[in-house]
Amino acid sequence: MNSLTIAGRELRSLFLSPLAWTMLGISQLILAYMFLTQIDFYLTIQPKLVELANAPGITDLVIAPLYGNAAVIFLLITPLITMRLISDERRNKTISLLFSAPISMTDIILGKFLATFIFLLIMLFSITLMPLSLIPIATIDFGKLTACLLAMMLLLAAFDALGLYMSAIASQATVAAVCSFGALLLLWIIDWAGSNSGNASPLFEYISMMRHFESLLRGLVHSTDVLYFILFIAGFLVLSVRRLDNDRLQK
Amino acid sequence: MKHTNSRMSSLIEVNNVSRHFGDHCAVDDVSFSLNQGEILGFLGPNGAGKSTTMKMICGNLAPSVGEIKIQGYDILEQPKMAKAELGFLADTPPLYTDLTVDEYLQYCAKLHGLKAGAITTSVTQGKDNCGLTDMGHRLIANLSKGYQQRVGIAQAILHNPSVIILDEPTVGLDPIQILEIRQLIRQLGQQHSVILSTHILPEVQQSCSRVQIIHHGKLVLNESIDTLNDRMSSSSLLVKFKRSVDISMLKSLPDITDITETSDNQFRIQHGQNQNPAETIANLAVNENLGLLELTPETHNMEQIFLSLTQAEPHDE
């Protein structure tokens, strides 16, 4: 309840600033362009696909790549949305309002997390309108589309949780943005080492976010991958609560 | 949510609280308690530990040592219960400048767990109390500093808390607003306990029922305003005559302990605490035709007491 109050205020402030609208507009524009090129590509190879038995469909060749591209764009913009969450409250001293109100640290963190997550879901929804527009002209594999959406939701929540934690430890919003972008990018590419020679570290492969995301995107909903994301999200949320709690104990 | 503990008469209890920041000790072993209906003025020079103490009472900072209880609830062990009884205005008012006054106050009311029906009435009342009635639709960012300060005060009293803590509430207000806020504080003090910190000494004399002075993190004075007023009452007279006077003649008058000549024919006459020789001096002046020009009781004010307590160590000025 308290976290919903905080989330409501946070979302409102987000949409009162031009940042949210700009992000919605620009990401939509870029992804629409990518979607279009993907369709174009599909149309050129379509004659060849007809000859193949068990050929990949439009879901594999257009929709999954669209979400793959969207993931990279979210990697770039989520830090910009999460960066202000805690650091700005500290900077503007508004945090004392939350600290003196009868609410727990968990309420504060969950509220902040929910607000940005809802914003990211709005973005995801407007992106999903593109594949849905194909329904009248093509057969879409809804099972795979659902898997893609699940993958996106888990990924966005993970980005969000990490960004929130960075905002809780950084004293300046921009520092939080740089740190969360760096951390996310590193987690994205960490399995590159040794992947060409074929002796990649299994630990790095497990840590890599992209690996879990891509297997979900292919339609393989594996509990290992889902669990990875849930652990990741819960882990960073707990860390954020601890960090905020630490404000009162500052040395 | 109301008092489970009826034997508690004091709303705030601060027991042996200290706070260290690294090696620096900001608050050193401070203890006091505050009863219902008291207005406590918290004084001290900059950096004395006023804000730190207030932040600790409100749970924004955890004390290094000691305990703080609000209505019997420990601020660290039962923070939700304790904070429900608190209204706090920090030295910088915690305002979201992109919201309107109404939106902001509604948000604060929700944070304090007011029920949907009570929110509108309490927001209206809060605005009335702080003179914000016509400002509801204005953006906080566009308000002047004084009005922002009022929004901060409205936020602190919105949920009708039993303890109200205001850190320098009259900063940035114009003289009329200051009078209004003082009146508001006195009014609040009838049903609530109020702690307010300030640099303005007359403000304390006018609005507070108790005064505490904190210096270098230590409580150096904790007295009711009445005791303090006694201490401040006059014990010297400033007298000026037109014609020259023999000082021994004045000395022979009763009740006079000491006389010093401050300038030509002007004297400072020290007398006992509860005696006033003004009448005898006036009579003497008339009888001897000395031409009395001035006869003023000298009062010690807050300022002198404050300075004597906070500048005990040698000071080159």
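Let's start with Leu292(B), which sits in strand 14 (residues 292-298) of chain B. Strands here are DSSP runs of E with at least two residues, helices are runs of H or I with at least four, and both are numbered from the N terminus. Keep in mind that this is a predicted model, where local features need pLDDT of at least 70, side-chain atom pairs count only at pLDDT 80 or more, and totals for chains, interfaces and linings use all residues. Residues are numbered from 1 along each chain as its sequence is written, while chains are lettered from A and ligands numbered from 1 in the order in which they are written.

**Two residues up close**

Is Leu292(B) buried, exposed or partly exposed? Leu292(B) has 15 other C-beta atoms within 10 Å, so Leu292(B) is partly exposed. For that label, 20 or more other C-beta atoms within 10 Å means buried, 12 or fewer means exposed, and partly exposed is in between, with C-beta atoms placed from the backbone. Leaving out residues up to four places away in sequence, Leu292(B) touches Phe241(B), Ala282(B) and Ala285(B). Touching, or being in contact, means that the C-beta atoms, placed from the backbone, lie within 7 Å.

Over in chain A, Ala151(A) is part of helix 7 (residues 142-169). Ala151(A) counts as buried because it has 27 C-beta neighbours inside 10 Å. Again setting aside residues up to four places away in sequence, Ala151(A) touches Tyr67(A), Phe213(A), Leu216(A) and Leu217(A).

Here is how each of these residues pairs up with another one in its chain:

| Pair | Apart in sequence | C-alpha to C-alpha |
|---|---|---|
| Leu292(B) and Leu196(B) | 96 residues | 44 Å |
| Ala151(A) and Asn54(A) | 97 residues | 24 Å |

Two packed helices are described by the angle between their axes and the distance between the axes. Axes are lines fitted to C-alpha atoms, for helices over the stretch in contact, and angles run from 0 to 180 degrees between N-to-C directions.

Take helix 3 (residues 58-82) and helix 6 (residues 105-132) of chain A: their axes come within 11 Å and cross at roughly 155 degrees. These two helices are therefore roughly antiparallel to each other. The cut-offs are under 35 degrees for roughly parallel, over 145 for roughly antiparallel and 65 to 115 for roughly perpendicular, with the rest oblique. By class, the contact has nine nonpolar, three polar and no charged residues. Nonpolar covers Ala, Val, Leu, Ile, Met, Phe, Trp, Tyr, Cys and Pro, charged covers Asp, Glu, Lys and Arg, and the others, Gly among them, are polar.

Helix 3 of chain A also meets helix 8 (residues 173-189) of chain A, with axes that come within 8 Å and cross at roughly 150 degrees. The crossing of helix 3 and helix 8 is right-handed.

**Where the chains meet**

The contact takes 24 residues from chain B and 17 residues from chain A. On the side of chain B that touches chain A, helix 3 of chain B gives the most, with four residues. That side divides into 14 nonpolar, six polar and four charged residues.

Key
Two residues are in contact if their C-beta atoms, placed from the backbone, lie within 7 Å. A crossing is left-handed if the near helix is turned anticlockwise from the far one by less than a right angle, and right-handed if clockwise.
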